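Please keep the sequence and the model in view while reading.

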Amino acid sequence: MPLQQGSARARQRTVLLVGIAVLLAALVLAVVLASLLTHGRHEVSPQMLKWKDRGTTKNLQEVIVGRCYNYITAQHPELGDKDCLKIWESLKDAFIYKNPCNITPEDYQPLMELASHPIPCNKSLFWSKTNDLVHRYTKSNQNFLTLEDTLLGYMADRVSWCGDPSAPGINYESCPKRNECESNPGSVFWKMASKMFAEAACGVVQVMLNGSVEAGAFRSSSIFGSIEIFNLDPDKVTEVHIWLMQNIGGPQSESCSGQSIQRLINILEERNFKIICEDNYRPVQLLQCVHNPDHTDCRLCTNSSAIP
């Protein structure tokens, strides 16, 4: 009898040891698999796509969140209820780990909803090929707002970003240009933001165009010509004022009677807008003259002309 009991205990110990060994082996295997999966997800892949434009801005999160807080606290405290961290997360989710040529408007929809805010009537100022001048003007005259003066535009101005299916999901080396693929993160973002900015416009709206561009001041392929102009609401917008600005000293490639401006006027009239076009809108021209006060174009007797 004692011999049988000892034999039974031995068998129990063997079964227990085998069970423990199997459990340990399973745990080791699970750890190894987890390590391999984690390693594969975070290691920078040599297969990351290479593009022709600059890569994602370094410290992008800090830039976006910092600009957001500055905008809603120092510049527009009435927007203090905006959640800057949620805004950053919605921007990141729109592109991280995604093919940068397959971005859709739906990717940015949560961001647009979180960052949108009302635009006061008579303040919307659109532009094309006048980037530096138009923003110098809005800095000196706060009666007008460009897209870059809204929260969305302010956060994203002169910043770039794109993702990549490979780890770490963000490409800091290069991003695609528009001519490489149309549906890249930057193009889709600015098209959506521009559409929303135009839809919000009301009252009298302004557009500043460059009359010194040889190819013509109005281009149907521009953001203004292809998106903003067609998303202005005739039921909300009473007039469109065109400010056709020429460089101090020229060239004077186009005036309000020019071919491309007439094409723009025709498009606006077909959409039932009232239009006023003015060559060298004087308040903006005076700002141009700050850098060249002695030029003949800057004499007080210089007259601007308006075409109703």
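The sections below go from the chain as a whole to individual residues.

## Basis of the description

The structure is a predicted model, in which local features need pLDDT of at least 70 and side-chain atom pairs count only at pLDDT 80 or more, while totals for chains, interfaces and linings use all residues. Residues are numbered from 1 along each chain as its sequence is written, and side-chain values use heavy atoms, with hydrogens and water left out.

## The chain as a whole

The chain has ten helices and seven strands, where helices (H or I, at least four residues) and strands (E, at least two) are DSSP runs numbered from the N terminus. Of the 308 residues in the chain, 44% are buried; buried means under 20% relative accessible area, exposed means over 50%, and partly exposed covers the range in between (1.4 Å probe, protein chains only).

The chain exposes about 16,700 Å², and carbon and sulfur atoms supply 56% of this area, as computed by the Shrake-Rupley method with a 1.4 Å probe, with only the protein chains shown counting as cover for residues. Among the contacts in the chain with a separation of 6 or more, 77% are between residues 24 or more positions apart, a contact being heavy atoms within 4.5 Å.

## Aromatic pairs

The structure holds eleven aromatic pairs, defined for rings of Phe, Tyr and Trp (its six-membered ring) whose centres lie within 6.5 Å, with planes under 30 degrees apart counted as stacked, over 60 as edge-to-face and the rest as tilted. The rings of Phe189 and Trp190 have centres 5.0 Å apart and planes at 85 degrees, so this pair is edge-to-face. Phe189 is buried, at 2% relative accessibility, whereas Trp190 is partly exposed, at 22%. Ring pairs also join Phe189 and Trp190 with Tyr108 and Trp161 in a cluster.

The rings of Trp243 and Tyr281, by contrast in geometry, are stacked, because their centres are 4.1 Å apart and their planes stand at 10 degrees. This pair links distant parts of the chain, with Trp243 in strand β5 (residues 237–245) and Tyr281, 38 residues away, in the loop between β6 (274–279) and α10 (282–289). Trp243 is buried at 3% relative accessibility, and Tyr281 is buried with a relative accessible area of 18%.

A polar atom of the Asn280 side chain lies 2.9 Å from the backbone nitrogen of Gln246.

## Asp149, a buried acidic residue

Asp149 is found in the loop between α5 (131–140) and α6 (151–156). Asp149 is buried yet has no salt bridge, and Lys139, the nearest side chain of opposite charge, is 5.5 Å away; here Lys and Arg count as positive and Asp and Glu as negative, while His and the chain ends are not counted. A salt bridge requires a side-chain nitrogen of Lys or Arg within 4 Å of a carboxyl oxygen of Asp or Glu.

Which side chain makes a polar contact with the side chain of Asp149? The partner is Thr138, at 3.2 Å, a polar contact being a pair of N or O atoms within 3.5 Å, of which, within protein, one must be able to donate a hydrogen and the other to accept it, and residues adjacent in sequence count only if both atoms are side-chain atoms. Leaving aside residues up to four places away in sequence, Asp149 touches Tyr71, His135, Thr138 and Phe144.

## Salt bridges

A search of the whole structure finds eight salt bridges. One of them joins Arg136 to Asp132, with the closest N and O atoms 3.1 Å apart, and both residues lie in helix α5, four residues apart, about one turn of the helix. Arg136 is partly exposed, with a relative accessible area of 24%, while Asp132 is exposed, at 52%.

Asp157 and Arg158 also meet through their side chains in a salt bridge, at 3.9 Å from N to O; Asp157 is partly exposed at 26% relative accessibility, and Arg158 is exposed with a relative accessible area of 60%.
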